[in-house]
Amino acid sequence: MNNFEKIKEKKSFLKGLKYGLWFEYKALLQNKSALYSNLIFPIVYYIFFVKGLSKTIGILNYQGRELEYELYALTGLIGIICVGEITNVIYRTVIDNKWGLLHLKLINGINIFSYTLSKSFYALVGINIQIPILLLFTKFTNKISVLNLIIGYFIIIIITLFWVNLGILIAIKIPNYKIRDLIVNVLLLPIYFSAPAYYVLSDVGGTIKMIAYLNPLTYQLAGLREAMLFLNFNKDVLILILMTLIISIINFLIIRNVKFVRSEK
């Protein structure tokens, strides 16, 4: 039975967020190794992958405009980092689901939006360590304005929230950990490599292009590049925002109707 409507003494959004963030902060302190990997990952990939390919490719044609490959690949790497944070979100939500903490938090009045945003803590810490490192490298090696970086940062937050909500949905709707882990492991690589992170979509064959069009990251990268690199807020940016809004609403409805039983298998 769903007892959500019977909860008494519901906490305000800010109070619920405060409690939720406290739980996530304490969990992060127990996993400090993740912080060290967040420092190493962007530096290694930028120096040995993005810079290496940029020396080979140089300038490419992106939708009729000349663009340095380094900037193109940089935004691709940023998108992959955002997607990668889904694993932390799933892990943290699974812990809540397995031990009944999700239900206890909701029963004790934590707002659904507060819960969802608190689950973003791990992901936001991750991108706030990795993305500034990449943006600093970009600022030093390319003449990209501070305004571009600021706008890019806000778009990155929106992209990350999409994958946070998707991670929560996966953790809640697929209680069998073997099936869930299989889905995550099988899906992440195609998401990483079918999206035009390091290649130009118009230059590939029909099969890859078809798969890419089914990939949310494809549209997120298009919106990120338009907003961050060209300060162009076109339909790609609108699609990116709508995707995050839609999945947030779906997530709200799913959590609102969650059964207050321990469901991890």
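**Aromatic rings in a predicted model**

Phe41, Tyr45, Phe49 and Tyr198 form a cluster joined by ring pairs. This is a predicted model, in which local features need pLDDT of at least 70 and side-chain atom pairs count only at pLDDT 80 or more, while totals for chains, interfaces and linings use all residues. Residues are numbered from 1 along each chain as its sequence is written, and side-chain values use heavy atoms, with hydrogens and water left out.

Biologist: Are the rings of Phe113 and Phe252 stacked or edge-to-face?

Modeller: Planes under 30 degrees apart count as stacked, over 60 as edge-to-face and the rest as tilted. For Phe113 and Phe252 the ring centres are 4.9 Å apart and the planes stand at 15°, so the pair is stacked.

Biologist: Is Phe154 buried, partly exposed or exposed?

Modeller: Buried means under 20% relative accessible area, exposed over 50%, and partly exposed in between (1.4 Å probe, protein chains only). Because the relative accessible area of Phe154 is 53%, this residue is classed as exposed.

Biologist: Which residue lies over the face of Tyr72?

Modeller: A charge sits over a ring if NZ of Lys or CZ of Arg is within 6 Å of the ring centre and within 35 degrees of the ring normal. One such case has the charged end of Lys105 over the ring of Phe23, 4.7 Å from its centre. Over the face of Tyr72, at 3.6 Å from the ring centre, lies Arg225.

Terms used:
Rings of Phe, Tyr and Trp (its six-membered ring) pair if their centres lie within 6.5 Å; planes under 30 degrees apart count as stacked, over 60 as edge-to-face and the rest as tilted.
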